[in-house]
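Trainee: Could you walk me through this one before I set anything up?
Mentor: Gladly; have a look at it here.

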Amino acid sequence: MKPILLKPVLLFSAGILSLGAYAAARPANTAGEPANLTNPAQQDFSKVEIKTTKVAGNIYMLEGSGGNVGICAGDDGVLMIDDQFAGLEPKLRDAIKKISDKPVRFLLNTHHHGDHTGGNEKFGADSTIIAHKNVRGRLLEITGSHKPMPKPGLPIITYDEGVTLYLNGEEIRCVHYARCHTDNDTVVLFPKSNVIHMGDLYFAKRVPVIDVRAGGSLKGIIAAIDKIIAEVPADVKIIPGHGQLSNVDELKEYVAFLKDSREIVKKGVAEGKNYDKLKAEKVFAKYDKYGWEFRSIDNWLEMVVTDVTEDK
Ligand SMILES: [Zn+2]
């Protein structure tokens with residue numbers, strides 16, 4: 001497995017890192033971010049509604065603002081996967097109470113980004129946080145105005161390659177994939193209910209983020225998704241890190257988009273073209289439909305150029 005590699009402080013501008021996924025790209029990419037995205041404190045969570053979807057068996061998906069939350073509920077207690085932003089903790093708790101009267105016993109972070117771990121300090125007060133070891137390392141980093149996560153918000157159980165939880169009649173497998181969206185991604189599989197939570201390895205039907213500065217790699221994401229597709233049942237239900245509840249057919253379409261993006265840019269870079277040139281040539285025009293609120297197709301082009309250029 002990949003050794004722990006926590007690179008030193010990067011060139012992110014103040015406030016940016018606190019926003020996780022949206023902060024994940026390069027500084028140049030974040031220059032045009034709306035102000036309310038660079039600082040969660042400026043976001044108005046009062047208008048956010050938590051939407052609950054029963055996925056299968058005792059597994060639920062909660063959508064609000066930030067990464068999708070997974071819930072496994074049952075007699076043994078609640079396992080929560082990711083927790084969005086601190087300001088949403090009361091709303092998330094209300095939504096969970098409608099599913100189960102049991103406490104949130106375990107909280108698993110799929111990776112360290114702030115839109116997946118923002119609620120850690122609050123939920124960590126009475127839940128056991130579990131994550132890949134690099135999640136803990138990155139939550140303790142000081143970068144710009146980003147302060148280290150206070151102790152209650154830190155994972156207290158960490159793992160290198162994965163961990164299995166025997167809970168609510170499920171054998172829940174949490175598997176680390178090295179060098180993907182970051183250097184600390186985990187995919188969670190519920191074989192009995194036939195559900196997987198892919199964290200930010202999967203932005204369903206939308207432009208993803210590769211956090212190259214935190215050890216991410218497009219090549220790694222593609223390899224991980226190919227492996228997952230080969231291993232999961234064809235009818236598995238997929239909770240993506242962002243986007244709507246999905247399935248294998250859509251995941252195949254997504255990985256084809258990633259592969260094609262990489263090939264287009266590799267060819268362009270080999271011909272000596274840079275981001276500005278490729279942007280002017282509109283090489284990703286056919287994927288314009290994947291642009292979304294926080295990431296345009298040009299953001300994606302720039303990320304892929306960075307990834308391909310820095311790929312060793
Ligand atoms: Zn992320």
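Trainee: What kind of model is it, and how are the residues numbered?
Mentor: This is a predicted model, in which local features need pLDDT of at least 70 and side-chain atom pairs count only at pLDDT 80 or more, while totals for chains, interfaces and linings use all residues. Residues are numbered from 1 along each chain as its sequence is written.

Trainee: What is the mean pLDDT?
Mentor: The mean pLDDT of the chain is 88, with 86% of its residues at 70 or more; pLDDT is the predictor's confidence in each residue, from 0 to 100. Over residues 1-38, however, the pLDDT is below 50, and this stretch has 83 contacts in the model beyond near neighbours in sequence, a contact being two residues whose C-beta atoms, placed from the backbone, lie within 7 Å.

Trainee: How many helices and strands are there?
Mentor: The chain has 11 helices and 12 strands, which are DSSP runs numbered from the N terminus (helices are H or I, at least four residues; strands are E, at least two). Among contacts between residues at least 6 apart in sequence, 66% join residues at least 24 apart.

Trainee: Which strands form the open sheet?
Mentor: Its 5 strands come in the order 8-9-10-11-12, with mixed pairing, where two strands pair if DSSP finds at least two bridges between them. Strand 8 and strand 12 (237-239) are the edge strands, each pairing on one side only.

Trainee: And how do strands 8 and 9 pair?
Mentor: Strand 8 (residues 162-167) and strand 9 (residues 170-177) are antiparallel over 6 bridges, and Leu165 stands opposite Ile172. Their hairpin has 2 residues between the strands, and Asn168 takes a positive phi near 55° there. Further along the sheet, strand 10 (residues 185-190) and strand 11 (residues 195-197) also run antiparallel, joined by 3 bridges, with His197 as the bridge partner of Val188.

Trainee: What about strands 1 and 2?
Mentor: Strand 1 (residues 51-56) pairs with strand 2 (residues 59-63) in the antiparallel sense over 5 bridges, and Ala56 stands opposite Ile59. In this hairpin, which has 2 residues between the strands, Gly57 takes a positive phi near 55°.

Trainee: Switching topic, which residues touch the most others in the largest nonpolar core?
Mentor: Of its 74 residues, they are Ile71, Leu79, Met80, Leu108, Val187 and Leu201; such a core is a set of buried Ala, Val, Leu, Ile, Met, Phe, Trp, Tyr and Cys residues joined through C-beta atoms within 7 Å. Helix 11 (residues 297-310) supplies the largest share, 7 residues.

Trainee: Is Ala214 buried or exposed, and where is it?
Mentor: Ala214 lies in the loop between strand 11 and helix 8 (218-231). Ala214 counts as buried because 23 other C-beta atoms lie within 10 Å; with C-beta atoms placed from the backbone, 20 or more within 10 Å of a residue's own make it buried, 12 or fewer exposed, and a number in between partly exposed. Arg179 is 35 residues from Ala214 in sequence, and their C-alpha atoms are 8.8 Å apart.
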